Amino acid sequence: ALGAMIAVSWQPGRRFSAAVMAFGSGTLIAAIAFEIADNVYRIANFGVLVFGFLLGGLLFIAVFTSLR
């Protein structure tokens, strides 16, 4: 009931909403990465795991740079 009253009476700003969504999406991505990393480590080896993380990081940087 308290959450509903707050939701009706207060509208968060765009900056606050963006920060909450960015935190939530980052947390979700981290949880997925850790779940996948455990399986990759068991099936393959540490080198494949590191290569995947590096490739993912480079892809992230490339997409971020291209969108700027």
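Helices (H or I, at least four residues) and strands (E, at least two) are taken as DSSP runs and numbered from the N terminus. The model looked at here is predicted, so local features need pLDDT of at least 70 and side-chain atom pairs count only at pLDDT 80 or more, while totals for chains, interfaces and linings use all residues. Residues are numbered from 1 along each chain as its sequence is written, and side-chain values use heavy atoms, with hydrogens and water left out.

On that basis the protein comes out with three helices and zero strands, which reads along the sequence as α-α-α. Its radius of gyration (taken over C-alpha atoms) is 18 Å, well over the 11 Å that the globule rule gives for 68 residues, so the protein is more spread out than a compact globule. The globule rule itself is 2.2 Å times the number of residues to the power 0.38. Along the principal axes, the C-alpha trace spans about 55 × 35 × 10 Å.

Confidence is given as pLDDT, the predictor's score for each residue from 0 to 100. The mean for the protein is 92, and 100% of its residues reach 70 or more. Among the elements, H1 has the lowest mean (90) and H3 the highest (93).

Next comes the surface. Accessible areas come from the Shrake-Rupley method with a 1.4 Å probe, and for residues only the protein chains shown count as cover. The protein exposes about 6200 Å², and carbon and sulfur atoms supply 76% of that area. Buried residues (under 20% relative accessible area, against over 50% for exposed and in between for partly exposed) make up 3% of the 68 residues.

Part of this surface is a nonpolar patch of about 650 Å², made by Leu-2, Met-5, Ile-6, Trp-10, Phe-16 and Val-20. Patches are built from residues with over 30% relative accessible area and no salt bridge; nonpolar side chains (Val, Leu, Ile, Met, Phe, Trp, Tyr) are joined within 5 Å, and like charges within 9 Å. Helix H1 (2-9) and helix H2 (14-43) each supply at least two residues of the patch, with H1 giving the most, at three residues. Trp-10 sits in the loop between H1 and H2.

A pair of aromatic rings is described by the distance of the centres and the angle of the planes. Rings of Phe, Tyr and Trp (its six-membered ring) pair if their centres lie within 6.5 Å; planes under 30 degrees apart count as stacked, over 60 as edge-to-face and the rest as tilted. The structure holds two such pairs. Trp-10 and Phe-16 make an edge-to-face pair, at 5.7 Å centre to centre and with 65 degrees between the planes. Trp-10 is partly exposed at 46% relative accessibility, and Phe-16 is also listed at 46% and counts as partly exposed.

Phe-60 and Phe-64 form a stacked pair, with 6.3 Å centre to centre and 10 degrees between the planes. Because these two phenylalanines are four residues apart in helix H3 (residues 46-67), they are separated by about one helical turn. Phe-60 is exposed, with a relative accessible area of 59%, whereas Phe-64 counts as partly exposed at 48%.

On the charged side, opposite charges can pair when their charged atoms come close. With a salt bridge taken as a side-chain nitrogen of Lys or Arg within 4 Å of a carboxyl oxygen of Asp or Glu, the count comes to one. Its partners are Asp-38 and Arg-42, whose side chains meet at 2.3 Å, N to O. Being four residues apart in helix H2, Asp-38 and Arg-42 are also separated by about one helical turn. Asp-38 is partly exposed at 37%, while Arg-42 is exposed at 61%.

Two further residues of helix H2 round out the picture. Ser-17 has its place in this helix and counts as partly exposed, at 26% relative accessibility. Ser-17 and Ala-1 are 16 residues apart in sequence and 21 Å apart in space, C-alpha to C-alpha.

Technical notes:
Buried means under 20% relative accessible area, exposed over 50%, partly exposed in between (1.4 Å probe, protein chains only).
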